[in-house]
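Have a look at the model before reading on.

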Amino acid sequence: MNLRPLLALIPFLLLPAAVASTADAEKRLKVAVNDVLAIAKRSSSGKALAEGLRPVLGKYLSFEAMTRRAVGPGWRQFSPAQQKKATGLFTTLVIRTYSDKFTPGQDPVVEFGKAVTPAAGRVEVPTTVLYQGSRYSVVYRLEQTGGWRITDIVIEGVSLIANYRTQFDSQFKQGGADAVLSALTKSVATP
């Protein structure tokens, strides 16, 4: 009996689960980015792009985790109804902000770097985006919550979550959950 094929599998069987998980996260992110780029390329307007992105981003981003982190410690003082409303408004705001970064029909080029695992169940994937003649550094932070989901996007060193958290923390300190919801409502209403 030739054991050579079985022996060749041993290194793969000994790989840590983290390596497999990192590869799964990278694969999921690449699918997400390709889905978004396909929608951006075929969209004829910013509104069509935002509408097309909503279901796709809903599959790949954890809007609840993003909203909770953007609000910060004050999140625990939101009622469940306020949390749901904040998540819905923040989702709309993120989708609109994200879709406003694209010119419909343009085709950015995304290069993926080597993923790192800062903690168990978390992966960061650096990318470089070439768009309209400029290069941008974008790091996607993913967490394993019943599957890999994006929980933050860091563009040129600025975290989407940290940026909003600064705003929401100030609003929360001034007027609690109602002040945050009011600010979100105004942001979403403003084109």
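The notes below cover the pocket, then the helix packing.

This is a predicted model, with local features needing pLDDT of at least 70, side-chain atom pairs counting only at pLDDT 80 or more, and totals for chains, interfaces and linings using all residues. Residues are numbered from 1 along each chain as its sequence is written, and side-chain values use heavy atoms, leaving out hydrogens and water.

**The largest pocket**
- There's about 670 Å³ of space in the largest pocket (an open set of 1 Å grid points where a 1.4 Å probe fits, with protein on both sides within 12 Å along at least five of seven lines; the volume is the space filled by probe spheres set on the points).
- It's lined by 29 residues, and Thr97, Tyr98, Lys101, Ile153 and Ile155 sit closest to its centre (lining means an atom within 4 Å of a point).
- Helix 6 gives the largest share of that lining, nine residues (helices are DSSP runs of H or I, at least four residues, numbered from the N terminus).
- By class, the lining has 22 nonpolar, six polar and one charged residues (Ala, Val, Leu, Ile, Met, Phe, Trp, Tyr, Cys and Pro are nonpolar, Asp, Glu, Lys and Arg charged, the others, Gly among them, polar).

**Helix 3 against helix 5**
- Helix 3 (residues 46–60) packs on helix 5 at about 125°, with the axes 9 Å apart (axes are lines fitted to C-alpha atoms over the stretch in contact, and angles run from 0 to 180 degrees between N-to-C directions).
- That angle makes helix 3 oblique to helix 5 (under 35 degrees is roughly parallel, over 145 roughly antiparallel, 65 to 115 roughly perpendicular, the rest oblique).
- The contact (heavy atoms within 4.5 Å) includes Leu49 and Leu53 of helix 3 and Ile95 and Tyr98 of helix 5.

How values were computed. Helices (H or I, at least four residues) and strands (E, at least two) are DSSP runs, numbered from the N terminus.
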